[in-house]
Amino acid sequence: MAAVRFGSRKIYVPGPPLLRIVVGVALIFGGVLGFLPVLGFWMLPLGVLVLSVDLHPVRRWRRRIEVWWGRRRQRKRQERAG
């Protein structure tokens, strides 16, 4: 079973690779239409997370964002501490 690590959390993503890619693209497409009542913008990051299991460019992009976010949080903590 494939898994995605995001920070200290590990999320398991079941299913064959083709199904994961289809679900990831569908989530991103639904997130783009997030202004509609049933869909939401929360689908965008979830779609990227699912796609990052199988597609290397998406995994690299997600990792860069994760590192940027971690550094940003660390700077904020240091500013608060002193």
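A contact means heavy atoms within 4.5 Å. The model is a predicted one, in which local features need pLDDT of at least 70 and side-chain atom pairs count only at pLDDT 80 or more, while totals for chains, interfaces and linings use all residues. Residues are numbered from 1 along each chain as its sequence is written, and side-chain values use heavy atoms, with hydrogens and water left out.

**Exercise 1.** Locate Ser52 and determine which residues Ser52 touches, not counting those up to four places away in sequence.

Solution. Begin with the loop between helix H2 (43-51) and helix H3 (56-81), where Ser52 is found; helices here are DSSP runs of H or I with at least four residues, numbered from the N terminus. Next, list the contacts of Ser52, which are Val4, Val58, Arg59 and Arg62. Finally, Ser52 has a relative accessible area of 2% and is therefore buried (buried means under 20%, exposed over 50%, partly exposed in between, with a 1.4 Å probe and protein chains only).

**Exercise 2.** Find the salt bridge that joins Arg20 to another side chain, a salt bridge being a side-chain nitrogen of Lys or Arg within 4 Å of a carboxyl oxygen of Asp or Glu.

Solution. The partner of Arg20 is Asp54, at 2.9 Å from N to O. This pair links distant parts of the chain, since Arg20 lies in helix H1 (residues 17-32) and Asp54 in the loop between H2 and H3, 34 residues apart. Arg20 is buried at 9% relative accessible area, whereas Asp54, at 22%, counts as partly exposed.

Definitions and conventions
Helices (H or I, at least four residues) and strands (E, at least two) are DSSP runs, numbered from the N terminus.
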